[in-house]
Amino acid sequence: MSAALAQAPPAPDPAPEKKLLLLVNTVRQDAGLEKLQWDAKLAEAAQAHAHELAAHRDLSHQFPGEADLTERVAVTGARFNAAAENVAVADDVDEVHLALMASPGHRANIMNRDYNAVGIAAVRVGGRIYVTEDFARVFPAYSPQQFRDAVVAAFNQIRRSHRLALIDSHPDSGLDTEACTGGGDPRLVLQGFSSATRATMFTAFDPSDLPSTMRQAANDASLRRMNIGVCYRSDPQTKVGKFRVLVAFFQTK
């Protein structure tokens, strides 16, 4: 057998999505930025829009009758608080990436340090490839109990740093209901507890992102217990979800 015949066949080119992910992360790493993680939900949103690009043979971030980017990402079930999108058409993947990097706005999305995930889709029509890159700051899909536990842990971490006793926390189904039904006026929460001395309500994507009212309470040595309710709710307009948290504080256990 000749040497030529004995050679292994060349490796196939990677899928365009994988190649674009590699190109994006290479330029980010070269700039000292963290790599973007591949996100299946963002890829689902990108795939739907890439097919729209190909069907229209045109570039747009929203075609007539199509939802905007935020809603397109939200309906996949992704948990996120910021998103951006790049679209492009070219003859091949390398040309797509070079064109996006040469465009200030698209380059800014690729190099944005606030994003931690990306989903990419490419649809080929004839000799042209239509690409959508969806970027976002995504968060873990916490259950209500996991989010509650993480809020308490973040609260007690502040107390620990000030050498205060850890607070005694209690899940409260009544406060869960208040959070889910859209209530949460701290004054009304206080009316429901004869011995509560303070109450607060806030919304968050990240359980460690405590508002000033919670941080002030964490520094109050007189507070010994808190009842906490949590509910994950989606905005009916944007479909973006957040956790609503209601807390009642007590000076005695």
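Glu 85 is buried, and Arg 72 is buried too (under 20% relative accessible area; exposed is over 50% and partly exposed falls in between, with a 1.4 Å probe and protein chains only). These two residues form a salt bridge, with the closest N and O atoms 3.0 Å apart (a salt bridge being a side-chain nitrogen of Lys or Arg within 4 Å of a carboxyl oxygen of Asp or Glu). The model is predicted, so local features need pLDDT of at least 70 and side-chain atom pairs count only at pLDDT 80 or more, while totals for chains, interfaces and linings use all residues. Residues are numbered from 1 along each chain as its sequence is written, and side-chain values use heavy atoms, leaving out hydrogens and water.

Glu 85 and Arg 72 also belong to a network of salt bridges with Glu 66. Across the whole structure, a search turns up six salt bridges. Another one pairs Asp 91 with Arg 128, their closest N and O atoms 2.9 Å apart. This pair links distant parts of the chain, Asp 91 sitting in the loop between S2 and helix H5 (93-102) and Arg 128 in strand S4, 37 residues apart. Asp 91 counts as partly exposed because its relative accessibility is 40%, and Arg 128 counts as partly exposed because its value is 34%. A further bridge joins Asp 176 to Arg 148 at 3.2 Å between the closest N and O atoms. Asp 176 belongs to helix H8 and Arg 148 to helix H7, so the pair ties together parts 28 residues apart in sequence. Both Asp 176 and Arg 148 are buried.

Turning to the sheets, four strands make an open, mixed sheet in the order S1-S3-S4-S2 (strands pair if DSSP finds at least two bridges between them; helices, H or I, are DSSP runs of at least four residues and strands, E, of at least two, numbered from the N terminus). Its edge strands are S1 (37-38) and S2 (80-90), each pairing on one side only. Helix H3 (residues 40-56) packs on this sheet, touching S1, S2, S3 and S4, with its direction at about 30° to that of S3 (contact means heavy atoms within 4.5 Å; axes are lines fitted to C-alpha atoms, for helices over the stretch in contact, and angles run from 0 to 180 degrees between N-to-C directions). S3 (residues 117-125) and S4 (residues 128-138) run antiparallel, joined by nine bridges.

A further open, mixed sheet has four strands in the order S5-S7-S8-S6. Helix H8 (residues 173-181) lies across S5, S7 and S8, at about 35° to S7.
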